[in-house]
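Thank you all for coming; I would like to take a few minutes to go through one structure with you. Please have a look at it first, and then we will go through its sites together.

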Amino acid sequence: MKYVDVILPLPLEGTFTYSLPEDFVDSVAQGVRVLVPLGRSKKYIALVDHIHENKPEFQCKPIIEVLDRAPIVLDSQLRLWKWISDYYMSPLGDVYHAALPLGLKSLDKYKPKMELYIGLVEKYRSEESLKVLLNILNRASKQQKVLIDFLTLSHWDTLENTVPKEQIQEITRDELMNVSHCTSAIIKALLDRGILYSYEKEVGRLNTVSQPHLDRIKVLASAQQIAYDEILRQFQEKSVVLLHGVTSSGKTEIYIHLIKKALEAHQQVLYLLPEIALTVQIMQRLQKVFGNRLGIYHSKYSDAERVEIWKKQLSDEPYDVILGARSAVLLPFQKLGLVIVDEEHETSFKQQDPSPRYHARNAAIVLAMMSGAKTLLGSATPSMESYYNASIGKYGLVKLKTRYNNIQLPKIEVIDIKDRQRRKVMSGPFSTELLKAVRNALAEGKQVILFQNRRGFAPMIECKVCGWVPKCDNCDVSLTLHKNLNQLTCHYCGFTYRIPTECPNCGSTELTSRGYGTEKIEDYIRELFPEARVARMDLDTTRTRNAYERLIDDFSSGRTNLLIGTQMISKGLDFDNVSVVGILNANNMLNYPDFRAYEHAFMMMSQVSGRAGRKGKQGLVLLQTKSPELPIISQVVDNDFEGFYKNLLQERLMFHYPPFYRLIEVFLKHKKEDVVSSAGYELGNKLKSWFGERVLGPDKPAVARVKTLFIRRIIIKLEIGIDYKKVRGYLHHAQEQMIKNPRYGVLQIYYDVDPL
Ligand code: ADP
Ligand code: ZN
Ligand code: ZN
């Protein structure tokens with residue numbers, strides 16, 4: 001008797017064993033989907049991981065059906081899934097769930113797209129009979145016209161005797177209606193008369209427009225060429241190379257050359273970006289060079305489209321280059337040769353919720369190693385981890401210190417807003433210097449970017465009399481005011497609330513908003529610069545897939561000239577005409593109670609500054625802050641990444657943080673605070689008995705209740721070199737013991753490995 005171990009699309013650890021009825025033995029293989037029973041009546045689409053003859057000790061059920069003729073998940077993918085599940089301590093079922101588009105996991109979700117085609121009935125497929133037919137139709141001129149259009153489109157009009165001189169083309173009914181400007185009734189008449197016939201055919205959703213006109217690849221400037229050669233040289237010794245190139249140094253062009261080289265060697269390339277907004281611009285640049293060999297994959301694509309890309313990657317004609325956000329790392333690749341992780345420092349590469357909480361950059365490096373491929377990480381502000389790995393020789397390192405065309409990096413002026421607030425010379429969130437710079441830029445026909453890292457109108461409203469602040473019923477956070485929507489919103493659970501007219505605490509009607517979100521900045525700007533063509537880019541304005549494209553196209557083409565945005569605008573966008581960038585309040589980023597706050601703030605400020613003056617004259621950045629004296633501010637001004645990195649590294653070493661220590665955060669969640677609190681202590685003590693001083697907490701995280709669940713967190717700091725597998729074993733063991741305690745019935749325990 002044979003057995004199969006399968007992965008179920010459920011948050012369950014490991015694999016599950018079923019028996020394999022004789023009939024299925026030949027059709028089952030690793031990576032094939034099978035229908036399996038679970039519990040009394042449920043059925044799931046499971047994925048075969050392993051076929052064997054080891055009879056399990058328990059009675060196992062047989063699989064019900066085999067669903068595929070060939071594997072839909074490749075061996076390299078399964079190995080990556082297991083690595084993700086192990087390393088990030090996420091159930092394998094969660095990884096399966098995250099990787100596969102819905103249409104491949106559920107029996108009835110994916111429907112192939114069908115289209116109606118029109119053909120010419122066989123007896124009219126000769127010059128002679130067509131002539132007769134067209135004569136007959138003299139009395140039905142509309143039908144005659146449609147038929148003539150059809151013959152032209154399909155090339156049946158090239159018949160010589162019974163042989164068409166040109167290849168016959170298949171024509172859809174929609175196409176015919178479109179060209180002929182006719183109603184479906186006329187086509188129906190031709191069908192009813194037995195002149196034309198119709199048939200259905202499966203068509204893809206993927207863009208199959210004919211090859212666009214391709215641009216020639218740009219010639220690299222000498223600094224770029226040196227970097228390019230150096231990358232290739234270092235690839236001979238290292239699997240991973242970090243390209244540290246200042247903003248607008250032309251890193252993307254170097255990637256394009258590397259991709260071209262990989263394609264010439266018949267290899268596939270995965271190009272990962274942190275943000276969908278970015279894929280729009282880079283897609284346009286890559287499409288000009290690689291045309292239809294490029295496929296795009298991210299979460300704003302419909303599930304049906306994602307199913308089709310998945311299937312295409314398994315076919316004989318896969319996309320050679322896949323450009324995508326995080327989840328693209330989970331696609332099938334048959335001959336991966338190169339992975340590019342652009343803006344590798346970006347925290348959005350790490351999935352926060354739900355599980356698996358994986359880092360796509362690290363997963364991509366692992367995938368590349370498993371596939372014998374190379375990985376290039378690129379950034380103007382590398383992450384501490386990557387830069388450290390490069391500095392100790394684990395990764396290669398290539399630097400590009402000048403902007404393309406020797407354009408100067410922007411001039412950064414620091415503006416002390418504390419001082420100006422005291423002197424009462426601020427106009428709302430703007431200093432006079434910033435307003436002047438905006439005015440000048442617009443007058444010169446230039447563009448402006450304003451960065452404010454908060455969406456909504458204001459981060460909170462407050463009672464002027466008693467200080468009451470409305471909070472979410474489900475979460476431990478104050479509500480954000482969204483004035484355009486006329487509501488308060490919780491940014492943690494998404495719940496919305498009516499804006500109160502009076503304070504429930506003291507009855508006062510004096511409720512004011514505090515702080516600035518992008519919406520409020522937009523209101524100010526529209527009032528101060530009525531002539532400006534303003535756009536706003538944040539989570540609220542980019543809910544749909546096309547919204548990104550429109551915002552970026554409008555700004556690129558100059559239809560808008562002042563762009564306000566959150567961190568979304570800081571990431572690698574390439575606009576030609578931006579001369580001024582304003583950072584409205586750097587302190588928003590510096591005041592987080594998190595050891596990474598400065599790292600993130602440095603990256604954000606440097607990156608958003610990098611959007612200024614990318615072509616032509618040197619750009620100007622106005623950096624408003626309440627703490628101009630901080631070293632980080634002058635490091636941003638001087639573009640002193642190395643200095644910044646050195647300081648931070650000292651600190652990390654001293655306080656036992658990455659890259660010298662690895663962190664695992666253990667989260668506990670429960671509806672009742674007393675339950676989660678005592679569970680936190682119990683688990684904390686248990687872990688301390690094994691790991692000693694390495695365990696911190698339990699404590700309450702900054703937001704200690706989300707979606708009605710109370711949260712406790714335990715932090716474990718592990719020195720490099722510790723037996724990590726053993727640690728995971730202990731953690732799983734402790735978790736099992738906790739869950740067994742009936743007091744902790746529905747307690748949730750999960751992990752965030754390498755939290756950001
Ligand atoms: P980065 O990715 O480092 O921010 P980009 O690759 O976006 O920089 O380059 C900045 C700008 O310079 C882009 O508009 C790009 O088209 C242009 N550019 C870079 N390298 C070249 C080149 N070799 N030839 C022509 N234009 C280039
Ligand atoms: Zn009040
Ligand atoms: Zn909430």
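This is a predicted model: local features need pLDDT of at least 70, side-chain atom pairs count only at pLDDT 80 or more; totals for chains, interfaces and linings use all residues.

Let me begin with a question: which residues coordinate the zinc ion (ligand 3)? They are Cys-472, Cys-475, Cys-490 and Cys-493, each through its SG atom, at 2.2 to 2.3 Å.

Residues are numbered from 1 along each chain as its sequence is written, chains are lettered from A and ligands numbered from 1 in the order in which they are written, and side-chain values use heavy atoms, with hydrogens and water left out.

Donors here are N, O and S atoms within 2.8 Å of the metal (3.2 Å for Na, K and Ca), and since water is not among the atoms, sites may look incomplete. The site of ligand 3 is tetrahedral, with angles of 105 to 114° among its 4 donor atoms; four donors count as tetrahedral if all angles lie between 85 and 135 degrees. For reference, the ideal angle for four tetrahedral donors is 109.5 degrees. Along the chain, the donors of ligand 3 follow the spacing C-x2-C-x14-C-x2-C. Cys-475 sits in the loop between β20 (460–463) and β21 (480–482), and Cys-493 in the loop between β22 (487–489) and β23 (496–497), so this pair ties together parts that are 18 residues apart in sequence. The strands and helices I name are DSSP runs, numbered from the N terminus, with helices (H or I) of at least four residues and strands (E) of at least two. Cys-475 is buried, at 2% relative accessibility, where buried means under 20% relative accessible area, exposed over 50%, and partly exposed in between (1.4 Å probe, protein chains only).

Cys-463 is buried, with a relative accessible area of 1%, whereas Cys-466 counts as partly exposed at 34%.

Now to ligand 1. How many residues surround ligand 1? There are 17, and the closest are Val-219, Gln-224, Thr-252, Arg-285 and Asp-574; a residue is counted if one of its heavy atoms lies within 4 Å. A backbone N or O atom of Val-219 lies 2.7 Å from a nitrogen atom of ligand 1, and a polar side-chain atom of Arg-285 lies 2.8 Å from one of the ligand's oxygen atoms. Taken alone, ligand 1 exposes 560 Å², and the protein buries 90% of that, with areas from the Shrake-Rupley method and a 1.4 Å probe. Helix α9 (residues 251–264) gives the most to this shell, with 3 residues.

Finally, a word on the backbone. Most peptide bonds are trans, but the bond from Ser-355 to Pro-356 is cis, with omega near 5°, and Pro-356 is found in the loop between β15 (336–342) and α12 (360–371). A cis peptide bond also joins Gly-697 and Pro-698, with omega about 15°, and Pro-698 has its place in strand β30 (residues 695–699).

Technical notes: A polar contact is a pair of N or O atoms within 3.5 Å; within protein, one must be able to donate a hydrogen and the other to accept it, and residues adjacent in sequence count only if both atoms are side-chain atoms. Four donors count as tetrahedral if all angles lie between 85 and 135 degrees; four count as square planar and six as octahedral if opposite donors are over 155 degrees apart and all others between 65 and 115; anything else is irregular.
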